Amino acid sequence: MGQVRQPRRVQAYDGELEAAVARAQDGDETAFAVAYRIVQPGLLGYLRGLVGDDAEDVASDAWLEIARDLRRFRGDGAGFRGWTATIARHRALDHLRRQRVRPRAGGTEQDVLDLPATHSTHEQALESLSTERALELIRTLPRDQAEAVLLRVVVGLDGPAAARVLGKRPGAVRTAAHRGLKRLARQLGVGSETDRGVTGAACPTLGESK
């Protein structure tokens, strides 16, 4: 059964992030800036996938809450990314509600499908895109798939952490991420005939109802 690999560039910063958060909790403003620098790119990418052009404003609201509640956080660098993603998601959903946009229900809770052992074609699909183009395509996915891909690939959370953010089972999140990456690969014409044969129907964008 395949796995969506956590980006190495994110893992490489987790030790530095953990140390920065610990110092920031003791009142070190420079350390808080370091934590912000590490986390913000992925967090902003995630929010762009949820709220589009309003991502900067929602991120600002999220960081105000993160700064306010920082002393309550307990965990390591990876845990901090999950915690901030949860806060950002709540602010994004609040924003969508204020915009009178009803996000679709968060997808199916079915068991993990039997999937190919390698996902190099999916990673190749994402690597072939600029950030803005990738987010544009991710936003065309069903919401459960889009959020799973964003949390796993853009924010860099592992399966259990992404599941906690979404309030789902890890198996459901893995399934959604794999399906989303398959769709992206097909849209780019990357991958095998098997990958391209799953579903050809167009997907509604985030925030639209089915």
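Which residue forms a salt bridge with R89? The partner is E147, and the closest N and O atoms of the two are 2.8 Å apart. A salt bridge here is a side-chain nitrogen of Lys or Arg within 4 Å of a carboxyl oxygen of Asp or Glu. We will come back to this pair after a look at the whole chain.

First, a word on what you are viewing. This is a predicted model, in which local features need pLDDT of at least 70 and side-chain atom pairs count only at pLDDT 80 or more, while totals for chains, interfaces and linings use all residues. Residues are numbered from 1 along each chain as its sequence is written, and side-chain values use heavy atoms, with hydrogens and water left out.

Let us start with the overall layout. The chain holds eleven helices and zero strands, where helices (H or I, at least four residues) and strands (E, at least two) are DSSP runs numbered from the N terminus. Of its 210 residues, 49% count as buried; buried means under 20% relative accessible area, exposed over 50%, and partly exposed in between, with a 1.4 Å probe and protein chains only. Among contacts (heavy atoms within 4.5 Å) with a separation of 6 or more, 74% come from residues 24 or more positions apart.

Now step inside. The largest nonpolar core has 52 residues, and those with the most contacts inside it are Y46, L47, F80, L151 and L157. Such a core is a set of buried Ala, Val, Leu, Ile, Met, Phe, Trp, Tyr and Cys residues joined through side-chain atoms within 4.5 Å. The elements that give two or more residues to this core include helix 2 (14-25), helix 4 (55-68), helix 5 (77-98) and helix 8 (143-155). Helix 3 gives the most, with eleven residues. To see L47 at work, look at its neighbours: setting aside residues up to four places away in sequence, L47 touches G52, A55, V58, A59, A88 and A92.

E147 and R143 are four residues apart in helix 8, so about one helical turn separates them. R143 is buried as well, at 7% relative accessibility.

Elsewhere, salt bridges that share partners join E65, R91, D94 and R97 into one network. The structure holds eleven salt bridges. Another of them pairs the side chains of D69 and R72 (3.9 Å, N to O).

Back at helix 8, turn to its packing against helix 10. The two pack at an angle of about 95°, with their axes 7 Å apart; axes are lines fitted to C-alpha atoms, for helices over the stretch in contact, and angles run from 0 to 180 degrees between N-to-C directions. That makes helix 8 roughly perpendicular to helix 10, a label given to angles of 65 to 115 degrees, with under 35 roughly parallel, over 145 roughly antiparallel and the rest oblique. Helix 8 contributes D144, Q145, A148, V149, R152 and V153 to the contact, and the residues from helix 10 include V173, A177, L181 and L184.

Q145 is buried, at 7% relative accessibility. Beyond its neighbours within four places in sequence, Q145 is in contact with A176, R179, G180 and R183. Its C-alpha is 8.3 Å from that of L181, a residue 36 places away in sequence.

Finally, follow helix 8 to its end. Next comes G156, whose phi is positive, near 90°. G156 sits in the loop between helix 8 and helix 9 and is buried, with a relative accessible area of 0%. G156 and V39 are 117 residues apart in sequence, yet 10.0 Å apart in space, C-alpha to C-alpha.
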